[in-house]
Structures are given as C-alpha cells and as structure tokens.
Amino acid sequence: MTSSSKEIALKLDQQDSLNYLREEFIFPKTDSGKDFLYFAGNSLGLQPKQARKYLDQVFSKWASHAVEGHFFGEDPWITYNESVIPGICHLVGAQAHEVVAMNTLTINLHSMLISFFRPNGKRTKIVMESSAFPSDIYAVKSQLQFHNLDPRENIIELLPRQGESLLRDEDILKTIEQNKDSIALVLIGNVNYLTGQCYDMTQITQAAHKAGALVGFDLAHGVGNLNLNLHNIGSDFAIWCHYKYVNGGPGTIAGAFIHERHAQNKNIHRLAGWWGQNKQSRFQMGPDFDPIPGASGWQSSNPPVFQLAVLRSSLEIFQKTSMEKLKSKADQLTQYFEQLVDTSKVVEIITPRNPDKRGTQLSLRIPINGRGVLNSLKELGAICDFREPNVIRLAPAPLYTKFMDLYEFHEMLKKALKSP
Ligand SMILES: *Cc1c(COP(=O)(O)O)cnc(C)c1O
C-alpha cells in the first residue's frame, strides 16, 4: 500500500489544476532550511508573497504624502476599504452592499448581537452549540447580561447525542422547532472549530426564520474554506476573521455580512460611528447619524489601511480561482488522507466522513500524549495545531497543500506516535 499511496499522491499533484497557487505563499522553514509542511492554516494562514509589496506602498505613500495619502494616487486611503469588497464577495457569495471589512471577529460578533439580538417579551433565548468557540460563548453571555438576562436560562445549548461526538442537523432543527416561542436568535459557528463539522446553513436559516427568530453564523472556520453563498442562504448576519483560511495576517481586520433585507433600516441599533455615516455628509461633521445603507453602515471607525493592504494581497489569490474549485480540491485532499488512515489505522478521525459535512479539516484524536506527538511532528518537519485534551487539527488548505505533503505527513505521524 505504501508505495502505491505515494504514487497516487504524485499523480494527484500532477493532475491538480490549482497547484500553481502554492507559489503565491511563503512557507516557514526548518533549521535545515526545508519548507515545513504547513497544516495550521485554520489557525493562521501563510503569508502571501505580495503582502509586503502592498504594505510597502502604504509605507511609501505615508512617507511621501502623509495626510494627503487619503486622497492621492491609485489607491487613496479614503476608499481603501472599498477595494477589498469585490474580493470578499467572491469569498462568501454576497452582494457588494452586504459585506464590510471592519474591526476584529469578536467585536463584530458583539456589534451584530447589539443589532440583531433584541430580546422581547418571552422571546429572549439564544441557540448555540455547546462546543462553540469560547470567545463566542463569552460574548453571548455578556450580551445577555447587558439585557439583564441570566445566561444559564437564556442559552439553549446544542449537544451531540449521548455517545456521539458530532451534532446532527436534524437535532439542531428540532431544537429550534421545539423552542420556537422563546428563541430570539440562532447563532451557529460554521465550521465547528474543534471537530471540523459543518452544518446545513440553509435549513438552519429557514428553521430559525420559521420560528420567528433571527439567525447569524460565525464563519471563522468557514470563510475561505467552504463554498458559501451567503446571500442565497439568507441568514440575517454572518461574521468571520481573515487570518485563518483567508491568509490576511495575524489578528487582521475581520469581516461581516448583513443581509440586504436589513440594508435600508436605519433604525437598527448599532455601534454607530463616523465611518458608517453617509459619505456625502460624513465630512460635514454634523451631529445626526445617517447610516450608509447596507453593511458599510455598521463601520464605526476609519479603517486600518495596513491591515487592508495585506488583506488585498490575499484576496487577489482567491480571485484567481473559485471557492467551488478550492472546495473540490480540499475534498480530494481530505479524502486522500482518510484513505491513508483507514489503511494504517494510526489515529481516529472525529471529523464527519462525508465531505459535504466538513470543511478542510480533519481532527485527529491522538491516543496518548497529544502534545508530545505534536512536538515530535514539529521536529520531523510538520506544523499542525492542538486542542486540549487530545485533538490534533490538520488543515490541508487547498491553496498551498500538495497531496505529497499529506503522504509525508502520514509517514511522520506514524513515527511520532511511536515515540511521542
Ligand atoms: C478564531 C475564532 C475566534 C477568534 O476571535 P478573535 O476576535 O479574532 O480573536 C472567535 N470565534 C471563532 C468561532 C473562532 O474560530
């Protein structure tokens, strides 16, 4: 099997029509100067080679023109935030007025909760995964407290069935239906950060709306990963960061989607600020807030141009291809690795087997000393990430992963498990 699985990897790499995109990225290097195998793109994506060039342009313009950089040259800073909109639409399947780059992810979650979590009468509850990302849980609890609501009574947790580690879509829908009189908001993280599972966004959205609730998705692990079509899915909002699969740089500016059905409603409560103000009157500096229709009307501050510059470089890589093609390669990559593990049985994969039910991630349950195995892998030349107590997350991002990387990783994993 070993030699034939190597041949399969070589063949798949040869046939891969996206393999040229790997050249767009800088890989970290081992002590001996080799590229690391990099599978932590679900945590921090790699640096696009063009990023430094775009950053340098901002530095140069700042040096040569200072404040006039806002208005000068090809990419004036005053509209720099608009230059990333087409790239973001390409990623998430939205219309231009439905998306914006602003703030950071958790702040965008707070911002959306202020606007779209409006408890009223008996309708006070939020449905979310019991295994939601901790920052999302903290944000939701604090927002409930702002409304003087007890988090213990107002979060409806979605739990896997006894003995199972994944949530079933049908159970999510049933929970929404059963609590239809008390739910104000359904908030789902898609893809789940720990298991790599993704949920049926369209069905969840329809069920939430049927129940009279609003619905939002945290796409931290979904953006740049799933082939999304946010406009058609129809959720009220979505939020995400750009530093995981999108490769926009550590802690960089995040994104938000607000469906166009809310675009014209100026009365939605929000964290208002001058950058959300209608562009015609923004610099008249008047006291009355008149938001830009659509997602841009949720911007509070004048945007960080350095971060946007790096984001541009990464969005341009995505624009060379489509999310459909990337997801299809991702499925081939994860399926190839699954076959290796099915044969060797070195670890258990807790991610769903059906590629439609997962992103570009396989979560490996490590039987002993997970951290030790992670460290051995690093010594052998592979970077992944680890979540307590015993899960190694492997994210073979299709923009820069070769099938041979996975073949080599599997060989390393076998070694690392022998001497963790
Ligand atoms: C990565 C991640 C975060 C991180 O939030 P920041 O505000 O960017 O630090 C939050 N939620 C989820 C679901 C994540 O995956």
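Helix axes here are lines fitted to C-alpha atoms, over the stretch in contact, and angles run from 0 to 180 degrees between N-to-C directions. In this predicted model, the axes of helix H12 (residues 323-344) and helix H14 (residues 403-418) come within 10 Å and cross at roughly 30°. Angles under 35 degrees count as roughly parallel, so H12 is roughly parallel to H14. The crossing of H12 past H14 is right-handed.

**Ligand site**

- The residues surrounding the ligand are Leu105, Thr106, Phe133, Asp136, Asp218, Ala220, His221, Tyr243 and Lys244.
- By class, this shell divides into 4 nonpolar, 2 polar and 3 charged residues.
- The side chain of Lys244 has an N or O atom 2.6 Å from an oxygen atom of the ligand.
- For His221, an N or O atom of the side chain is 3.0 Å from a ligand oxygen atom.
- Asp218 has a side-chain N or O atom 3.3 Å from a nitrogen atom of the ligand.
- The ligand taken alone exposes 390 Å², and the protein buries 82% of that.

**Cis peptide bonds**

- The bond from Asn190 to Val191 is cis, with omega near 5°; Val191 lies in the loop between strand E7 (183-189) and helix H8 (201-210).
- The bond from Glu388 to Pro389 is also cis, with omega near 0°; Pro389 lies in the loop between strand E14 (385-387) and strand E15 (391-394).

**Positive phi**

- Asn148, a residue other than glycine, has a positive phi, near 55°.
- Asn148 is placed in the loop between helix H5 (134-146) and helix H6 (151-154).

Technical notes
Residues are numbered from 1 along each chain as its sequence is written. This is a predicted model: local features need pLDDT of at least 70, side-chain atom pairs count only at pLDDT 80 or more; totals for chains, interfaces and linings use all residues. Side-chain values use heavy atoms; hydrogens and water are left out. A residue is near a molecule or strand if one of its heavy atoms lies within 4 Å of it. A polar contact is a pair of N or O atoms within 3.5 Å; within protein, one must be able to donate a hydrogen and the other to accept it, and residues adjacent in sequence count only if both atoms are side-chain atoms. Accessible areas come from the Shrake-Rupley method with a 1.4 Å probe; for residues, only the protein chains shown count as cover. Ala, Val, Leu, Ile, Met, Phe, Trp, Tyr, Cys and Pro count as nonpolar, Asp, Glu, Lys and Arg as charged, and the others, Gly among them, as polar. Helices (H or I, at least four residues) and strands (E, at least two) are DSSP runs, numbered from the N terminus. Angles under 35 degrees count as roughly parallel, over 145 as roughly antiparallel, 65 to 115 as roughly perpendicular and the rest as oblique. A crossing is left-handed if the near helix is turned anticlockwise from the far one by less than a right angle, and right-handed if clockwise.
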